[in-house]
Amino acid sequence: NLSEANLSEADLSGADLREANLYGVDLSEANLYKADLRGAKNIVTFGPIGSRGDFTYAVRHTDCIMVKCGCFWGDFEHWQAKCRAIHKDTPHGRAYAAAAEFIRAYAAAYWQD
């Protein structure tokens, strides 16, 4: 169980994280390139998206949703604000806004205890 683990700066490229419970896990700076997340709990990933054409990860934490997007690692609200400030109403900005709506809907459907 990886719950509450600190995996910051971990190289998880190619790691098999199937069925892992990532609730509360700190993925800041973690390299998730080609990590197998099938069936992993408390994380949702999507992409490629945005200006970097990279994958974005949303992780359920005890009191918030954390987002790993490019070099950004922070809470959901800060990520949204940063996306709006940088990308405004560009195609990337609209894609990030749609992703934020998806994360919100996913959390409401699957992360309610």
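Modeller: Buried means under 20% relative accessible area, exposed over 50%, and partly exposed in between, with a 1.4 Å probe and protein chains only. This is a predicted model, in which local features need pLDDT of at least 70, side-chain atom pairs count only at pLDDT 80 or more, and totals for chains, interfaces and linings use all residues. Residues are numbered from 1 along each chain as its sequence is written, and side-chain values use heavy atoms, leaving out hydrogens and water.

Biologist: Of the residues of the chain, what percentage counts as buried?

Modeller: The chain has 113 residues. The share of them that counts as buried is 44%.

Biologist: In what order do the elements run from the N terminus on?

Modeller: Helices (H or I, at least four residues) and strands (E, at least two) are DSSP runs, numbered from the N terminus. The chain holds two helices and four strands. From the N terminus on, their order is β-β-β-β-α-α.

Biologist: Among contacts between residues at least 6 apart in sequence, what share joins residues at least 24 apart?

Modeller: Contact means heavy atoms within 4.5 Å. Take the pairs in the chain that are at least 6 apart in sequence. Those joining residues at least 24 apart make up 28%.

Biologist: How far does H1 reach from its first C-alpha to its last?

Modeller: H1 covers residues 76-87, twelve in number. The expected span is 1.5 Å times one less than the number of residues. For H1 that expectation is 16 Å, and the model comes close to it, with a reach of 16 Å.

Biologist: Why do the buried residues of H1 count as lying on the same side?

Modeller: The buried set is Phe76, Trp79, Gln80, Cys83 and His87. The arc is taken from the directions from the helix axis to the C-beta atoms. These residues lie on the same side of H1 because they cover an arc of only 100°.

Biologist: Which elements are included in what covers the buried residues of H1?

Modeller: The cover includes strands and a helix. The elements are strand S2 (54-60), strand S3 (65-69), strand S4 (72-75) and helix H2 (91-110).

Biologist: Which residue follows H1 with a positive phi?

Modeller: Look past the end of H1. The phi there is near 45°, and the residue is Lys88.

Biologist: Which residues outside its sequence neighbourhood does His87 contact?

Modeller: His87 sits in H1. Its relative accessible area is 13%, so His87 is buried. Beyond four places in sequence, its contacts are Ser51, His92, Gly93 and Tyr96.

Biologist: What distance separates the C-alpha atoms of Cys69 and Gly50?

Modeller: Cys69 lies in S3 and counts as buried at 13% relative accessibility. Neighbours within four places aside, Cys69 contacts Thr56, Trp79 and Tyr96. Gly50 is 19 residues away along the chain, and the C-alpha separation is 9.2 Å.

Biologist: How far apart in space are Met66 and Ile43, C-alpha to C-alpha?

Modeller: Met66 is in S3 and is buried, with a relative accessible area of 13%. Residues up to four places away aside, Met66 touches Tyr57, Ala58, Val59, His61, Trp73, Gly74 and Asp75. Ile43 is 23 residues from Met66 in sequence, and the distance in space is 9.5 Å.

Biologist: Is His61 buried or exposed?

Modeller: His61 is found in the loop between S2 and S3. Leaving aside neighbours within four places, His61 contacts Tyr23, Gly24, Val25, Asp26, Met66 and Trp73. With a relative accessible area of 15%, His61 is buried.
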